[in-house]
Amino acid sequence: MSAQPRPDVSAGPTAQAPEARLLTEAVTRLRRALRSSIRTDYPWETLPMAQVELLQVLGEHSPARISDLAARRRLAPSTVSGLIGQMIGAGLVARDVDAADRRASVVTLTDAGREKLAAWTTAHERRIDAALGALDDASREAIGNALPALFRLAENLGAEAEAEAGEGTPER
């Protein structure tokens, strides 16, 4: 991949926060490049990102109610319910009765869902590892040094999102 020029941060409403603008651009480009490279290497992989994200949540918090999944992803419960319906049809998740409240249901990963999530994760790690390997030592070191701060940034963004979710309705 060729080097992309840095966006011009000298003008516009975000000129006061060039780091935020650059980080937003970098994250957007990373996500786009990852999605594109996976589709190139694995053209049969058609799992939508929204479903991957639900598999990731279920990989960490399973079983889970639809309302809990919706809150974690900041989506409308009806949206999550539709996605879960598709994932049940694909055999990636199963709906069961909630042991704590027999009137409610919970969603769990199936073996096929765990395998799909593991394959997706492995493919992305392999792509990122190859891209990191193409960088010089200083760039790899800079990325490694930035990881703790990036995780803290993600936690801060998550905390802000949770606080905002308490004040309004989830995104649709």
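This is a dialogue on reading the features of a predicted model.

Colleague: What should I know before reading any values?

Modeller: The model is predicted, so local features need pLDDT of at least 70 and side-chain atom pairs count only at pLDDT 80 or more, while totals for chains, interfaces and linings use all residues. Residues are numbered from 1 along each chain as its sequence is written, and side-chain values use heavy atoms, with hydrogens and water left out.

Colleague: How many helices and strands are there in the chain?

Modeller: Start with the rule. Helices (H or I, at least four residues) and strands (E, at least two) are DSSP runs, numbered from the N terminus. Here the chain has 6 helices and 2 strands. Their order from the N terminus is α-α-α-α-β-β-α-α.

Colleague: What share of the chain is made up of buried residues?

Modeller: Buried means under 20% relative accessible area, exposed means over 50%, and partly exposed lies in between (1.4 Å probe, protein chains only). Of the 172 residues in the chain, 22% are buried. The chain exposes about 11600 Å². Carbon and sulfur atoms supply 55% of that area.

Colleague: And contacts along the sequence?

Modeller: A contact means heavy atoms within 4.5 Å. Take the contacts between residues at least 6 apart in sequence: 49% of them join residues at least 24 apart.

Colleague: Which residues touch the most other members of the largest nonpolar core?

Modeller: In soluble globular proteins, nonpolar side chains tend to be buried together. A nonpolar core is a set of buried Ala, Val, Leu, Ile, Met, Phe, Trp, Tyr and Cys residues joined through side-chain atoms within 4.5 Å. The largest one here has 20 residues, and Leu55, Leu69, Ile84 and Val93 touch the most other members. At least two residues each come from helix 2 (49–60), helix 3 (66–73), helix 4 (77–89), strand 2 (101–109) and helix 5 (111–133). Helix 2 gives the largest share, 5 residues.

Colleague: What is Ile84 in contact with, leaving aside its neighbours within four places in sequence?

Modeller: The partners of Ile84 are Leu54, Ile66, Leu69, Val93, Arg95 and Val107.

Colleague: Where is Leu47, and is it buried or exposed?

Modeller: Leu47 sits in the loop between helix 1 and helix 2. Leu47 is buried because its relative accessible area is 9%. Setting aside neighbours within four places, Leu47 contacts Arg39, Val52, Leu55, Leu92 and Lys116. Also compare sequence with space: Leu47 and Met87 are 40 residues apart in sequence, and their C-alpha atoms are 9.5 Å apart.

Colleague: How many salt bridges does a search of the whole structure find?

Modeller: A salt bridge is a side-chain nitrogen of Lys or Arg within 4 Å of a carboxyl oxygen of Asp or Glu. The search finds 8. One of them joins Glu25 and Arg29 at 2.5 Å, N to O. These two are 4 residues apart in helix 1 (residues 18–41), so about one helical turn separates them. Glu25 is partly exposed at 26% relative accessibility, and Arg29 is partly exposed at 26%.

Colleague: And in helix 6?

Modeller: Arg140 and Asp137 meet in a salt bridge at 2.2 Å, N to O. They are 3 residues apart in helix 6 (residues 137–167), about one helical turn. Arg140 is partly exposed at 30%; Asp137 is exposed at 56%.

Colleague: Which residues are linked in a network of salt bridges?

Modeller: Arg65, Asp98, Asp101 and Arg103. Within it, the closest N and O atoms of Arg103 and Asp101 are 3.0 Å apart. Arg103 is exposed, at 78% relative accessibility.

Colleague: Which residues form a nonpolar patch on the surface?

Modeller: Patches are made of residues with over 30% relative accessible area and no salt bridge: like charges are joined within 9 Å, nonpolar side chains (Val, Leu, Ile, Met, Phe, Trp, Tyr) within 5 Å. Here the patch is Leu23, Val27, Leu135, Ile143, Leu147, Leu150, Phe151, Leu153 and Leu157, with about 730 Å² of accessible area together. Helix 1 and helix 6 each give two or more residues. Helix 6 has the largest share, 6 residues. Val27 belongs to helix 1 and is partly exposed at 41%.

Conventions. Areas by Shrake-Rupley, 256 points an atom, 1.4 Å probe, with all protein chains shown as cover.
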